[in-house]
Amino acid sequence: MNNKGFIQFITVLLILASIYQLSFTFVTNSVEKKAAAIAADFSTDEVLRDSFERRYLDSISQQKVYPGLGFTYQECKENELNLGLDLQGGMNVTLEVETSSVIQSMAGETTDKAFIAALEKSKKEFLGKQNFVDLLAKNYKEQSPEGKVAAIFFGRGLENELPNGYNSSNDEVFDYLKRESESAISRAFEIISTRIDKFGVAQPNVQRLDNGRILVELPGVDNPQRVRDLLQSSAKLEFWKVFPNYKGFEFLEQINAIVYGVNKLEESGDGGVEEEIAAQLSATDGADIAAKDGILEGSLDGNLGSDSVGLDSIPQKSREEIEAENPVISKLIPNITEDGKNWAQSAAIGYIASEDVEDFLGYFSRKDVLAALPSNLHFKFGFKPTQIDGRDFYALYALKSGRDGQPALAGDVITDARPTRQDDLNLAVSMQMNQEGTSVWRRLTKEASSATPKECVAVVLDGQVYSAPTVQGEIPNGSSVITGNYEIEEATDLSNILKAGKLPAPAKITGETTVGPTLGAKAINAGLISLVVGFLLVIIFMVIYYGKAGLYADVALLVNLLFIIGVLAGMHAALTLPGMAGLVLTIGMAVDANVLIFERVREELTAGKSFKMAVKDGYAGAYSSIIDANITTVIAGTILWVLGKGPVMGFAVILVIGILSSLFTSIFLTRMFIDNDIKKGKETSFYTSISEKFGKKMNLVDFDFIGKRKTFYIISGLIILAGIISLATRGIATGVDFKGGWSYVVQADGATAGELKNALSTTFIDANTEVKTYGANNQFKITTSYKIDNTDADAGEVVENALIAGLVKYNVSKTDILSSSKVGPTIAEDIKYRSTVAIVLAIIGMFLYILVRFRNIGFSLGATAAIFHDVMIVFSLYSLLQGVVGFELSIDQAFIAAILTVVGYSINDTVVVFDRVREFLALNKREKDFIPVINKAINTTLSRTLITSLTTLIVILILFIFGGEGLKGFTFALLVGVAVGTYSSVCIATPIVADYMKKFSK
C-alpha cells in the first residue's frame, strides 16, 4: 500500500484528536462526582442535596479543573459529549412564532374585506410547510386579483421602507411584510435565547428552525410548566390608570342591562342591583375575600378611599331570583368588606370563577357593549387565582386608558428587574426605568396621588393584572415593584423575562417532550448493554470466521467507535437513544467492507495467486463495491439528517459519521496491519477451520436464482397482497408524531390498559384516547387528543392534571409520569410531509445513482423495485402483526428512520450483487446466454451476503432484546428490513435486471 506512513500519521492524529475531545467529558464527570459526594455529606434530603450540588457547581464554574491545559469547569462542560434528553432527562420544546399576529398588528383595524378573508384563510391553511407571507399573498390574489394592499400598511412604516409608498405593488408590499416578519422572528429568537441563558440550565440548546419555529432543549428540567410559562410569556409590560372598584361595578351593571335586559329593576324603583347582590352575598363564605394587590415601594400603600354601599331597606330575594334577573352580576363575588357595607380597600371589582371567565370576555367584546361603555374602559383579570371553597376565582379590574386607547406607560422603559424581599419578607420584583420612563412615571404617580380619592396604578403583564396599588405620592426615581406572593422561581423567571424584553409576536408551543431522569437512566443502561453485547458478539464472530484478519478488523472497528464518538463530541452534537441505536447498527455495518475485502482475498487465494498478489487484487477488486454500497447508504442518511428532527436526526448523524469513519478504518487500517505482516514475511490468516469448511460448501452452491425468480415473485406478491388487504381493512397505527396529540409513559401499579382507558374517559372528555402496555413493570403508554388544539400557556398542565385526576384511584401522581410529549397539529402535518419527502427523495436518489454508476436502466429498475418491495413488506407486517406482538407497532419518526435505513441497507446489499454481475458480464461478453453468468455472479457473492447480513442482524437482535421498550418498534422494522433486504437483493432485484436484459438488451 502506497503512502503507508501518511496513513499511520493521519490515524495517530485522529486518535489523539478523538481522545482530546472525549477528555473534557472525563474531566466534567470527575468534577461532578466530587460535587455529588460533597452534596451527599451536606444533606440526606434529595431536594436539598440536588440544590446544593447545583449551587456548588455554579460556584466553581470559572475555576480551572483540566490538569495541565487549564480549562475551567464551564469550558469543559461546553466541550463535553452531550447526551440527548432521552438519555439524561429534560424537556424539548418546539415554539412557533405567530407571524400572522405580526402582520395583523401592522394592518391595524383594516376594513379591507379581501385582506381580512385572506388572512383568516391563511391562518387555517398554514401548516409550517411554507412561508406564511407567501401563503397570504397567494390567498389575497385569489380573493382580490386586482386589489392593492399598500393602502392597508401605508402610515405604518411602509412609506419609510418602499420608495413608491402608497403606489407600491403587491409584490413589493409582501416582500416588505416578509422582511418585517423575519425581523420579528429573529428578535423572538434572541429574546428566548436570553431568557434561557438566565434560566440556569447546563448545556441548553436554542436553535432556529424553518418557517418561524424555534427549538429549545433543556437538559435536567423537572418543572415543565415553569418552562412553558417562561417561553410563552410575551413580556408585554404596561402601567394603567384604574377606575375605582365601585365605578367598575357600575359599568358591569350597564353590561348586565345591555346583555340581559334587566334595566326594568331600576325603572321599577327597586334599587340598584349592586345593593341587592351585596346584601345577599354578605353572609357567604366568599364575601370576605379581600384583594391582594401589592404595594409600590416608596410612597404607595394599599389604602383606598371607600364608598358606602348602602344596604338599608333592600327587599330580600332568593338567590334563584337574583340569578334569573342578573345572570351577569350574579356570577361576581363583589370585593366588599366583611360587614357588607363598604367596598374593600382594593382596586379589584370582585372575583369571578375560572369557568365563567370566557363568558365575561365574550360580554366585554360585544359591539353593543363597546358602544355603550366609555372608550377608555378596559376590563382585565388578575394573573393569579384566589381559592374560594376549593375553586379558582380571578379578580376583575376596570382599567382606564388615554384617548388613544393605550396604557399610561409602556413597559419597554424598564432597564433592570430583580427579585427582592419586602418588609413582610414576601418576594417581589423590583424594576428600574430609563430616563424617559422615569419622567412619565413621576408625572403619572403625581397625578394619581393628587386625585380625590387617590387613584390606583395597575401593573399589567401580558394582559393580566399583577398588582394595582393606590398611589400615595409622587415617585421621582423611576423605581417600582411588582408584588404577588411569589415563590423564588416565579420571581426569578419574571425578572429574567422583563430584562430580556417583550416578544414581538406571540410564541406558542406546537410540540414538546419531557423525559424523567428515571427513564433516561434506564435508556442509558439499555443502550450501553446493547452496545457492549453487540460489539462483543461481532468481534468474536470475526475472529472465529476470519482468524487473524478478523482480529485486525476488530481493532479497526474499535478505532472506528473512538472516531465516531470523538467526532460527535467535537461537533457538539447530542448522543441520543436512537443515536446509540445507530452506533450499534454501525458496528454491524462497519464490518461489511472488511467482509467484502476478505472474501475477495480468499477468492484470489483460491485461484492460486500468491499471498501478496491476492491481498493487492482482493483490495482493488472490492473498492468499487465498497464505495458504491456506502455512498447509497450515505444518501439515505443525509436525507434523514436534513429532514429529520430531534432524536431521529441524532440517529442519522451517527449513521453518516459511522459510514464515513468505517470506510477509512476498514480499508486503510486493516490493509496497514496486513502489509506489516507481509513486510515481516508473514501471511495473515483469512481462514479458520470453521470458515474453511463453510467456504468450501458455499463454493459448491450453484442455485438457479434466475430460474426460480417467478417463485420468488409469487411469494413476495402474496405477502404484499395480504399486507395491502390488511392496510385497507385494519389500517395501520400511527404515533403521536403523525396524528398529533399528547403522549405519556405512566407507572400504574395493579392496573390493566383497559381499566386505565375506562378511568380516563371521565376526564379526557370527547377525546380519542389510547392506552397500551409499555414493557414490563406496570408501565403504560397513554396517547390522547384531549385539548391538543388549545394554545393556552397552561394547556400542558391542564391535560396533565386531567390525567392524574382520571387515574387517582390507581395512586398515579406527577412522579409516576415518566415522560410526556406533545405534537401539535401543525407539527404533525409537517412531520408527515417531511417523512413523505424523505422517502421519495431517497428512492429517487438511489435510482439516479445506480443509473449513473451502472449506465443501464435495468439495474436502476431492479434496485428501485427491490426498495419498494422491502418497504411494502415492512408496512404489511406492521399492519398484519398489529396487536399480535407484545409491543407497539406504529408509524412515527423513528419508523421513518428505520425505513430509510432499510432502504440504504437494501441498496447497499443490492449494489454489491450488481457490481459482481456487471463484472461477470464484462468477463463473459461473448456468452449469448447471460442467465448462467448472472447466476454464477449471485452464487459468488452469496457467502459475503449471508455473513454481512448475519453480523448486522446479530447487533439489531441484541438491540431489540436489550434496547428498551422505546426502541422495540424501531428495531423490529430494522430486523424485518435487513432480512427482507438481503432476500430482495438476490431474489428480486437481480432477477428483474435479468428480465429487463432478456427483453430489451441486445
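In the protein chain, residues 24 or more positions apart account for 75% of the contacts with a separation of 6 or more, where a contact means heavy atoms within 4.5 Å. This is a predicted model, in which local features need pLDDT of at least 70 and side-chain atom pairs count only at pLDDT 80 or more, while totals for chains, interfaces and linings use all residues. Residues are numbered from 1 along each chain as its sequence is written, and side-chain values use heavy atoms, with hydrogens and water left out.

The secondary structure of the chain comes to 34 helices and 24 strands; these are DSSP runs numbered from the N terminus, with helices (H or I) of at least four residues and strands (E) of at least two. Of the 1002 residues, 54% are buried, where buried means under 20% relative accessible area, exposed means over 50%, and partly exposed lies in between (1.4 Å probe, protein chains only). The chain exposes about 44000 Å², of which carbon and sulfur atoms supply 55%; such areas come from the Shrake-Rupley method with a 1.4 Å probe, and for residues only the protein chains shown count as cover.

Consider next a pair of helices. Two packed helices are described by the angle between their axes and the distance between the axes. The axes of H33 (residues 931–962) and H34 (residues 968–1000) come within 9 Å and cross at roughly 175 degrees, which makes H33 roughly antiparallel to H34. Axes here are lines fitted to C-alpha atoms, for helices over the stretch in contact, and angles run from 0 to 180 degrees between N-to-C directions; those under 35 degrees count as roughly parallel, over 145 as roughly antiparallel, 65 to 115 as roughly perpendicular and the rest as oblique. The residues that meet include Ile-931, Thr-945 and Phe-960 in H33, and Lys-968, Val-978 and Met-997 in H34.

Side chains of opposite charge can pair when their charged atoms come close. The structure holds 24 salt bridges, each a side-chain nitrogen of Lys or Arg within 4 Å of a carboxyl oxygen of Asp or Glu. In one of them, Asp-359 pairs with Lys-331, the closest N and O atoms being 3.4 Å apart. Asp-359 lies in helix H16 (residues 357–364) and Lys-331 in the loop between helix H15 (319–325) and strand E7 (332–334), so the pair ties together parts that are 28 residues apart in sequence. Asp-359 is partly exposed, with a relative accessible area of 34%, and Lys-331 is partly exposed at 26%.

Elsewhere, Arg-600, Glu-603, Arg-916 and Glu-919 are linked in a network of salt bridges.

The backbone also deserves a look, since most residues other than glycine have a negative phi. Asn-811, in the loop between helix H29 (795–806) and strand E24 (817–823), has a positive phi near 60 degrees, and this residue is exposed, with a relative accessible area of 65%. Arg-855, in the loop between helix H30 (825–854) and helix H31 (857–880), has a positive phi of about 50 degrees and counts as exposed at 75% relative accessibility.
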